[in-house]
Amino acid sequence: MQSKKIVLFLTIVISFLSLYYLSFTFVDYRVQRQAEQQAMDAQGRIDFDKRQTYLMDIWKKPVYNLFGSAYTYEAVKERALKLGLDLQGGMHVTMELVPIELVKGLAAYTTDAHFLEALQLAQQVRKPGDSFGKLFVSTYKKLAPNGSLTDIFTAAGVRAFSSEEDIIKTIDQEIAKALDRSLTIISARLDRFGATQTSMQKLSGSERIQIELPGVTHPDRVRKLLQGVAQLRFWAVAEADAYRSALEAVNALLLKKEKATIAATLGLTDAEKTQRMPKESILKRLCKAPFPYMLAYAPEEMNRIEALLRSKEVQALLPKEITWMWERKAQTLNDDTQAVTLYAIQRTRDQKPLLEGDIITHAAQDIDQNSGKPIVNIKMNQKGAHSWKRITASYVGKRIAIVLDDRVYSAPVVHQEIPNGHSQISGHFTIEEAKDLASVLATGSLPAPLRMVEEAIIGPSLGKVAQQQGLVATAVGLGLVLLFMFVYYAKGGLIANVALLFNLLFIVGILAELDATLTLPGIAGLVLTIGMSIDANVLIFERIREERMQKVHIKEAIQRGYAKSYSSIIDANITTFLAGIILYYLGQGPVRGFALVLMIGIISSVFASICITRLIFSFFMDHYRTPKLTFSYPCLPILFKNVQVDFIKNRCRFYACSLLFIAIGACCFYHYKGLPLGVDFAGGRSYTFHFAKPIEASMLKEGLSAQFKQGVEARTYGANNVIQITTNYLCNEDMATSDAKVRNKLVTALQTLTKLKEQHTLATDHSFMITSSTKVGATVAQDVQKSAKKAMVLSILGIFLYITFRFRRWAFGLAAVLALIHDALAVIAGFCIARAFGMSYEVNEVFLAAILTVIGYSINDTVVIFDRIRERLANKATDISRSIINDAIRETLSRTVITSFTTLLTVTVLFCFAGEALRSFSFALLLGVLFGTYSSICIAAPLLADFGRKFAATK
């Protein structure tokens, strides 16, 4: 009686809390609908910038009144169920700290060649979890066996290091501090930027920060905010007279090299060279810059000019005090050409600037009263104001370059001494650029550069489509399962359906209470949980049916049904939960969202399927002497009863069929040189293009491969006018301009191939647009592959140990594990064979989630059969005979097939309605459920006849 009250109390409390938190989700949905209506034009198109502006305007305003308390939209958002980027659009970024400059700073920027080379090599070979300090020291010792790092660091005057171990410890400590400070600074920058619901976390075992920015519609601005070190410095611009001859010689050399490059590229004859070679420098052809203070070049020439300036010939012509810095961005000249200015910067003897930017106490965007253009006003502290007064007094009539992250923002001529520490930065800003610059200056500079190793951008329109597809898949899957349970189990099925609805409420409510994020794979986990959650009720109801067939009273049959099912239910769900834990621990982003939903679903399903249904049955049994509870309709037959197949006798045929299928898959694997790997496994960039008209993917693949001269994948993505293009072009290049290079090259190639133009919307029949993009660096891809292998090994090992422990014999664990390996290989073989029939699905991290789910699901079926074998052998020590195994398979066949059928229903719904993003995932699950059911019956249990001789009984 006491347990019933506890179950009733928990059900009421959890239901109330779930409804409380979900009410905020409904309010959030209502507000977003209002925002969309405000941002919708006459043609029904939504301007997502206007939508975001509307939401920001009401961010601090009350939008919900509950029990007399008013909640602002910000408070509603904090309590509402959070949607992942794949469901609402936004930006996902993984930043990695590059500690090279940090270590250089500890050594006061020493010029020791071996020191600098060791830093670069250590960064190149470093792996997540490695100690950078240890790797750097060992690399330096290899390069300079007789060198002394302690002398280098001690000479810097920072502190005295007693040993190399002390250096290693200090470097690693400084890196850890830098990572913490970077997290704080980035958070402050994003707050000033206006980003809401930002999620940031340090990834364990690496110097990486993972950031999620829902609703972001300006990724370029975000990139600059995140990657800008904000190292503000003031440098002197080289004077004309002192370096005129050197700069003229450099310009002449650049002209000579330019001629040689053009000649080599065009293959000109001597006569043609005379006619077609440039007669003057790029400087004179593009603009009339005040030479030799600065040079100007076309933006596309920047990389080539930088390489020339680094050449030994140019370096020999210039004094050591000269260095080069580019203007922040190109300017449009009167003849509509683009030119970017290259400044000659004069360095001091100690290589330090005139003034560092750490003296800034305030920065704000403003408008210049004379020109009307945006500027940034800065205010310095007392020390900085004193230095600035002295510097400006010394440089009257000369130029001082204001440099942020080695880019010149402006280089004004000093007209008079500036005594109060107030100054301004101008540089052809837009208002947004001026605001962002003020933001990074106000929050301070990062202690070390951050490079973007992973990026995903999902357009809001694509996220909205994913939301609708997820809702449809959930509703259809739920409806089919509810209908089946009621039709097959009569009133018992109706009670199970009530528990299933409570289960669904609990899962979504708990996600909101835990401040978790629901992703598209998370919705897949929810739909999958709906199909799997009735497994416990099927076990119980099948047991009750068996008791009723033996003429046991309904009350006693229900009690026995629950009692005899507990062991199977607990064992089966623990093994699936184990796979979820491993997936959550080793996965990231959407995959972790799937694992979280799966684990919450397992716990909630067990509670609902056992406790809530038992509570309802107890109500009928307490109020009626003979409750009118039915578990089948007389007109419907009970499926899979009296099956006489000898599974053990035919086991060799089953083994042969499995081996044949896997062998065919291996041949297809070899023929197609493996499976198409997604960017999260292979590295590279992936873009989703929406075209105004149908486009043939094979044509694009052929044309793009010729343009890029390397592997390019193009495939239809859900519709014949939506193409996903993946390339590893410049995959290993970490330059900030690499993303723009790849995107521009791809867009230019598509415009040539399709005769369409890129636009932000599909406003015409001659346009296309990018709706999402993903970038994964090579190192991150390697990490994901390692995590995938580790997850597979850990899950199989964990299940082997658990099954061996629970059934007290290694034969059970070995048979189960071999069946699981069979399932994984069969799914991979199925993917390979499907590719031969024109169905090509990417293998990515979500595919890994599907494989681990298949492992958890398959062992679920296997445990039920093993439990029936254990029950038949209870209190005995005897051989595991063929009859015992055959009888166990036959008695559980109905439960195994029915559970698989309901799961297949929901997985089929996922495959048909959840969209292209989950197509690979749901296809893997379809194969996995089929092969998992087959292996539990035809592989795992028969293997016991080959492995098991004696069974030590357990009570």
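How many salt bridges does a search of the whole structure find? This is a predicted model, and the search finds six. I shall present some of them in turn.

Let us start with Arg208 and Glu96. These two residues form a salt bridge in which the closest N and O atoms are 3.1 Å apart. The pair links distant parts of the chain: Arg208 belongs to strand S6, residues 208-214, while Glu96 belongs to strand S4, residues 90-97. The two are 112 residues apart.

I turn now to Glu547. Arg560 forms a salt bridge with Glu547, and here the closest N and O atoms are 3.1 Å apart. Arg560 lies in helix H21, residues 554-586, and Glu547 in helix H20, residues 535-549; 13 residues separate the partners. Glu547 has a relative accessible area of 3%, so this residue counts as buried, the limit being under 20%. Arg560, at 33% relative accessibility, counts as partly exposed.

Glu547 has a further partner. Its side chain meets that of Lys564 in a salt bridge, at 2.9 Å from N to O. Because Lys564 lies in helix H21 and Glu547 in helix H20, the pair ties together parts that are 17 residues apart in sequence. Lys564 is partly exposed, with a relative accessible area of 34%.

Thank you for your attention.

Technical notes:
Residues are numbered from 1 along each chain as its sequence is written. This is a predicted model: local features need pLDDT of at least 70, side-chain atom pairs count only at pLDDT 80 or more; totals for chains, interfaces and linings use all residues. Side-chain values use heavy atoms; hydrogens and water are left out. A salt bridge is a side-chain nitrogen of Lys or Arg within 4 Å of a carboxyl oxygen of Asp or Glu. Helices (H or I, at least four residues) and strands (E, at least two) are DSSP runs, numbered from the N terminus. Buried means under 20% relative accessible area, exposed over 50%, partly exposed in between (1.4 Å probe, protein chains only).
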